Amino acid sequence: MKNIFIFDTTLRDGEQSPGVSLNVKEKIALARQLAKLGVDCIEAGFPIASPGDFEAVRAVSQSVEGPIIAGLARTSEADIKRAWEALKNAERPRIHTFIATSPIHMKHKLKKTPDEVLKSAVDAVKLASSLTEDVEFSAEDAFRSELNYLCELFEAVIAAGAKTINIPDTVGYATPWEFGEFIKAIRERVPNIDQAAISVHCHNDLGMAVANSLAAINNGATQVEVTVNGIGERAGNASLEELVMALYTRRNYLKADTNVNKGEIYRASKLVSTLTGMLIQPNKAIVGKNAFVHESGIHQDGVLKERETYEIMNPAMIGVPGNNIFLGKHSGRHAFKMHLKDLGYDFEGEVLDKAFKSFKELCDNKKIVLDEDIIALIDTEALKGPETYQFSYLNVSSGTNIVSTATVGVNVNGVLYEQAAIAKGPVEATYAAINSIVKQEFILEEYAINSVTSGRDAQGEVVVKASYQGKSFTGRGISVDVIESSARAYLNAINKALNMTKNYSSEKAEGM
Ligand SMILES: [Zn+2]
């Protein structure tokens with residue numbers, strides 16, 4: 001059985017998904033979950049892209065134990081030094097440097113000759129190797145690069161000290177047969193290939209990222225770059241959960257497996273979805289709501305008699321929670337703290353107080369509080385960044401054939417600001433009232449509502465996307481009252497926009 005090394009780039013490539021912007025607190029929470037999930041390497045960000053990215057990579061390097069922590073850098077000296085600065089306190093740091101090698105990228109984007117690109121790559125790997133032993137080199141747009149040139153370049157960077165060579169299908173153009181052949185050709189033609197691990201990084205533009213990664217594994221790749229829920233640029237990256245479960249479920253045929261702790265998959269998927277605001281399609285393989293639901297009578301009957309008639313995997317294995325009751329309204333602070341610990345949250349002091357207060361409020365509004373309710377509440381509320389505008393209260397009147405009126409109270413530095421507005425519907429009126437408090441131009445681009453559990457008193461989770469100065473920001477809010485969730489989500493997007501525009505840079509969108 002070959003062991004496949006899982007390189008997770010949810011925090012780097014995944015965070016490049018349109019409209020996604022995570023704060024440092026959220027990135028650390030996610031990195032900790034990835035460590036629990038047992039990925040071998042976490043790519044925490046692209047340190048030179050912005051001060052926010054730098055800070056996140058530094059914080060993850062300092063506080064997350066277990067996996068290798070990687071930071072992305074172009075081949076320039078400034079990029080590599082900045083990446084090292086952010087990574088140097090990690091237990092096991094890795095510098096990941098890259099440059100494009102396809103004719104179209106070299107000519108139009110880099111405006112460099114193939115020789116110049118090769119020299120840049122070798123110099124970068126030498127510099128990175130002088131800082132740390134663990135250096136990965138990526139040839140951006142490798143699949144559309146000229147094979148002989150690519151082999152020559154890989155030979156040179158391995159000689160310069162690269163321990164992993166990564167072969168991305170940056171634009172998601174490959175099919176499994178071709179991609180497998182491509183990897184095989186590189187493995188056969190690069191003379192010193194035994195001194196480096198072969199990695200692949202597949203995009204999902206044609207829906208083949210996981211299939212292409214598997215084809216690569218079949219032909220000698222030992223590392224795959226993936227993201228949780230397959231998020232990433234455009235149609236996203238190869239999905240971690242699909243790849244891991246495909247390897248595990250078909251291990252007898254594929255002869256390969258991973259170190260991933262499969263029981264943490266569902267939790268990781270939920271957390272990524274909550275933090276990024278990217279909802280999971282119901283029919284998504286492995287983690288979609290319907291992935292293990294049998295609708296047809298014949299199927300249901302079969303599964304009841306013998307699970308394996310229609311199920312190739314057991315949902316309990318990936319950690320899908322049962323309907324566990326969290327705690328009742330009379331539970332005390334200590335019991336609450338201990339139960340949170342079982343769910344993976346180790347809270348103390350002020351954070352614990354805040355979470356306990358939210359739990360008590362929820363008990364007043366919802367008859368049965370499930371584990372899932374608490375997880376959703378905490379992931380939404382406890383990981384918020386600094387809030388310039390804090391939700392205080394909401395008063396709405398609406399109905400059939402009447403104009404909706406909303407009065408909203410928002411705390412700003414301890415001072416309560418109140419505004420009222422009218423509109424056709426209650427959400428519109430609420431947002432108009434918030435706009436007149438905030439007095440800045442935010443444009444609502446997307447609005448989605450989802451119930452956390454089933455039942456009439458379920459909590460409603462609202463995810464909004466609002467644009468500010470031409471950039472999109474995702475916000476989320478949760479409450480048993482969906483208008484309140486809407487107000488909280490909108491304020492969350494506004495706070496995020498104001499925090500993030502401070503340290504935003506136009507270079508953020510670069511990468512493979
Ligand atoms: Zn990519």
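Modeller: Angles under 35 degrees count as roughly parallel, over 145 as roughly antiparallel, 65 to 115 as roughly perpendicular and the rest as oblique. This is a predicted model, in which local features need pLDDT of at least 70 and side-chain atom pairs count only at pLDDT 80 or more, while totals for chains, interfaces and linings use all residues. Residues are numbered from 1 along each chain as its sequence is written, and side-chain values use heavy atoms, with hydrogens and water left out.

Colleague: At what angle do the axes of H6 and H7 cross?

Modeller: The axes of helix H6 (residues 147-160) and helix H7 (residues 176-189) cross at roughly 50° and come within 10 Å, and H6 and H7 are therefore oblique to each other.

Colleague: Which residues make the contact?

Modeller: On H6 they are Leu 147, Asn 148, Leu 150, Cys 151 and Phe 154, and on H7 they are Phe 182, Ala 185, Ile 186 and Arg 189, where contact means heavy atoms within 4.5 Å.

Colleague: Switching topic, how many helices and strands has the chain?

Modeller: There are 17 helices and 15 strands in the chain, counted as DSSP runs (H or I, at least four residues, for helices; E, at least two, for strands) and numbered from the N terminus.

Colleague: And how much of the chain is buried?

Modeller: Of the 512 residues in the chain, 56% are buried, meaning under 20% relative accessible area with a 1.4 Å probe and protein chains only.

Colleague: What does the C-alpha trace span?

Modeller: Along its principal axes, the C-alpha trace of the chain spans about 75 × 60 × 45 Å.

Conventions:
Axes fitted to C-alpha atoms, helices over the stretch in contact; angles between N-to-C directions. Buried < 20%, exposed > 50% of the residue type's maximum accessible area, 1.4 Å probe, protein only.
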